[in-house]
Amino acid sequence: MREADDGRPLVAGDARGRRVVLVGTPRDVERLRRQDATAAMTWRMAVREALGGAMAAGARVTGFTEGGEYVVVMS
């Protein structure tokens, strides 16, 4: 998942079968909250779904990229 041109999350592809998955975050979540609360909520729910689903399947977060993405190792 990464940030689309309009600031909303863009889900890129299917994580099934991948060993490592990157879960993106908005570039500036505080600005997004102030300027577009709906987009901020969309991000929150998308990240929750991506991480929650991965964690439920036994994955773990092992770090973050320089771009602010969660690095998730699937089990």
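The model is a predicted one, in which local features need pLDDT of at least 70 and side-chain atom pairs count only at pLDDT 80 or more, while totals for chains, interfaces and linings use all residues. Residues are numbered from 1 along each chain as its sequence is written, and side-chain values use heavy atoms, with hydrogens and water left out.

Strand 4 (residues 60–64) and strand 5 (residues 70–73) run antiparallel and are joined by 4 bridges; strands count as paired if DSSP finds at least two bridges between them. Helices (H or I, at least four residues) and strands (E, at least two) are DSSP runs, numbered from the N terminus.

What about the rings of the opening pair? A search of the whole structure finds 1 aromatic pair (ring centres of Phe, Tyr or Trp, the last by its six-membered ring, within 6.5 Å; planes under 30 degrees apart are stacked, over 60 edge-to-face, the rest tilted). The centres of the Phe64 and Tyr70 rings lie 4.8 Å apart and their planes meet at 50°, so the pair is tilted. Phe64 counts as exposed at 54% relative accessibility, whereas Tyr70 is partly exposed at 22% (buried is under 20% relative accessible area, exposed over 50%, partly exposed in between, with a 1.4 Å probe and protein chains only).

Now follow strand 5 to its other partner. Strand 3 pairs with strand 5 in the antiparallel sense, again over 4 bridges, and Leu22 stands opposite Val71. Together, 3 strands make an open antiparallel sheet in the order 3-5-4. Strand 3 and strand 4 are at the edges with a single partner strand each, so one side of each has no neighbour in the sheet. Neighbouring strands are turned by 30° against each other on average, direction ignored (axes are lines fitted to C-alpha atoms, for helices over the stretch in contact, and angles run from 0 to 180 degrees between N-to-C directions).

Helix 2 (residues 37–56) packs on this sheet, touching strand 3, strand 4 and strand 5, and its direction makes about 25° with that of strand 5; contact means heavy atoms within 4.5 Å. Strand 3 (residues 20–23) has Val21 and Val23 on its covered face, with Val20 and Leu22 on the uncovered one.

Which residues form the largest nonpolar core? There are 12, among them Val21, Val23, Trp43, Val47, Leu51, Val72 and Met74 (such a core is a set of buried Ala, Val, Leu, Ile, Met, Phe, Trp, Tyr and Cys residues joined through side-chain atoms within 4.5 Å). Strand 3 and helix 2 are the elements that give two or more residues to this core, and helix 2 gives the most, with 6 residues.

Finally, a search of the whole structure finds 1 salt bridge (a side-chain nitrogen of Lys or Arg within 4 Å of a carboxyl oxygen of Asp or Glu). The side chains of Arg33 and Glu30 form this contact at 2.7 Å, N to O. Both lie in helix 1 (residues 29–35), 3 residues apart, about one turn of the helix.
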